[in-house]
Amino acid sequence: QHGHEAIELIRRSLTAQHDVSWELRPKVAVDVAGRTVQIRIDRVEAPAQAGKPVKFIRTRYGRRKEKPEAKTRELLYAQAYRQQYPGCEVELHEHNLSTGEMTPIPLTAKKEQSLYESVEEAMKGIENHEYPAKPDPFYCPGCPFFLICDSVKL
């Protein structure tokens, strides 16, 4: 039932937006920290009218209590946006397929720099084959390796 409702919301949205074209799951190469990363953008909405901004859309399901916040995916979306549309203001949005809600995702310069540094650090770790455990009391109990992890002290 829920799937049918989500599809109907999307159908109505497509029917109402005659002047916007959707591109689903385009593959984009993004340059990050001197390396190329391949990503797929959930959806790109391009208006037919020149001068209007293109939107990169992240799709989600389920109800949320809080507003969406920028994470690594949004950083990569922003990098791809700037590479494809230089000089344009980045337009990142979250489309909740359960509710039909479209919410802008803010990405401040400070948050973007912080995310970029963490991605850069992760890439260096991968290149050096370093995968240290990062114990966390919230996530660890749900991890499939909880009972055998060296970093967990039972």
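Predicted model: local features only at pLDDT ≥ 70, side-chain atom pairs only at ≥ 80, totals over all residues.
## Overall fold

The chain has three helices and seven strands. Their order along the sequence is α-β-β-β-β-β-α-β-β-α.

The C-alpha trace spans about 55 × 45 × 25 Å along its principal axes. The radius of gyration is 19 Å, whereas a compact globule of 154 residues would have a value near 15 Å.

## Helix 2 against helix 3

Two packed helices are described by the angle between their axes and the distance between the axes. Here the pair is helix 2, residues 72-84, and helix 3, residues 109-127. Their axes come within 10 Å. The crossing angle is roughly 105°. Angles of 65 to 115 degrees count as roughly perpendicular, so helix 2 and helix 3 are roughly perpendicular to each other.

Which residues make the contact between helix 2 and helix 3? Helix 2 supplies Thr72, Leu75, Ala78, Gln79 and Arg82. Helix 3 supplies Glu112, Leu115, Tyr116 and Val119. By class, the contact has five nonpolar, two polar and two charged residues.

## The largest pocket

Rolling a probe the size of a water molecule over the atoms shows where empty space is left. In this model, the largest pocket holds about 230 Å³ of space.

The lining of the largest pocket includes Ser118, Glu121, Ala122, Gly125 and Ile126. Glu130, Tyr131, Pro132 and Lys134 also line the largest pocket. By class, four of the lining residues are nonpolar, two are polar and three are charged.

## The second largest pocket

The second largest pocket holds about 160 Å³ of space. Its lining includes Arg63, Arg64, Lys65, Glu66, Lys67 and Pro68. Glu94, Asn96, Thr99, Glu101 and Thr103 line the second largest pocket as well.

How many charged residues does the lining of the second largest pocket have? There are seven, alongside three polar residues and one nonpolar residue. Among the charged ones are Arg63, Lys65 and Glu94.

How values were computed
Residues numbered from 1 in each chain as written. Heavy atoms only, no water. Axes fitted to C-alpha atoms, helices over the stretch in contact; angles between N-to-C directions. Helix = DSSP H or I, 4+ residues; strand = E, 2+ residues; numbered from the N terminus. Parallel < 35°, antiparallel > 145°, perpendicular 65-115°, else oblique. Contact = heavy atoms within 4.5 Å. 1 Å grid on protein atoms, 1.4 Å probe; cavity = no way out; pocket = protein on both sides within 12 Å on 5 of 7 lines; lining within 4 Å. Points joined across faces, edges and corners; volume = space filled by probe spheres on them. Rg over C-alpha atoms; globule rule 2.2 N^0.38 Å.
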